[in-house]
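Visitor: I am new to protein structures. Could you walk me through this one?

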Amino acid sequence: MKKIIVKNSGYIELPRVVDERDGVLSIMEGNRDIPFEIKRVYYINHLENCHSVRGKHAHKTLKQVIFCINGSFVLSFDDGTNTQDVLMWRDNVGVLLGPGLWHTMHSFSSGCILLVVASDYYDEADYIRDYDEFMKFAGAMK
Ligand code: T46
């Protein structure tokens, strides 16, 4: 796995129970496998593969872990200093998106499904959707 260099991030690997021909069970428990209490779960599917681009924002306080539970996509993220791309394809390995990370999801494969667990309820006031505003926020966080 490519080393994560952006701050407020890192890989989260879920425990799995492999039942051979009966499939694989992957588990996430809040404050255990996921490093916060989970208040919200959402998923994204029906993507138009290479044409879809999502994200293009940062959060002021929200913590999330993003998973690709089917197919693959590229997560591009940026802490205002370091930028990197991670190919997401292992269903039990997510990426922690802490506060102050500009993130974009793109290059979705056919049948791609994203699953996200979040530390808080939806609040549009927590979003920074303008990149220049994000750079000011990231500079103030240093
Ligand atoms: C994020 C990335 C990884 C709600 O009403 N409730 C919700 O819980 C969510 C997630 C979204 N919405 C509304 C807000 C917008 O009107 O759904 C619409 C689309 O949301 P957005 O454009 O923010 O979707 P993405 O895929 O760009 O971003 C989502 C999350 O919103 C965001 O927090 O970090 O996934």
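Guide: The model is predicted, so local features need pLDDT of at least 70 and side-chain atom pairs count only at pLDDT 80 or more, while totals for chains, interfaces and linings use all residues. Residues are numbered from 1 along each chain as its sequence is written, and side-chain values use heavy atoms, leaving out hydrogens and water.

Visitor: Which residues come nearest to the ligand?
Guide: A residue is near if one of its heavy atoms lies within 4 Å. There are 13 residues around the ligand. Those that come nearest are Arg40, Arg54, Gln64, His103 and Tyr127.

Visitor: How far is an oxygen atom of the ligand from an N or O atom in the side chain of His103?
Guide: A polar contact is a pair of N or O atoms within 3.5 Å. For the side chain of His59, the distance to a ligand oxygen is 2.7 Å. For the side chain of His103, the distance from an N or O atom to a ligand oxygen is 2.7 Å.

Visitor: Which strand gives the most to the shell around the ligand?
Guide: Strands are DSSP runs (E, at least two residues), numbered from the N terminus. Strand 4 (40-44), strand 5 (53-59) and strand 10 (102-106) each give two or more residues. The most, 4 residues, come from strand 5.

Note on methods:
A polar contact is a pair of N or O atoms within 3.5 Å; within protein, one must be able to donate a hydrogen and the other to accept it, and residues adjacent in sequence count only if both atoms are side-chain atoms.
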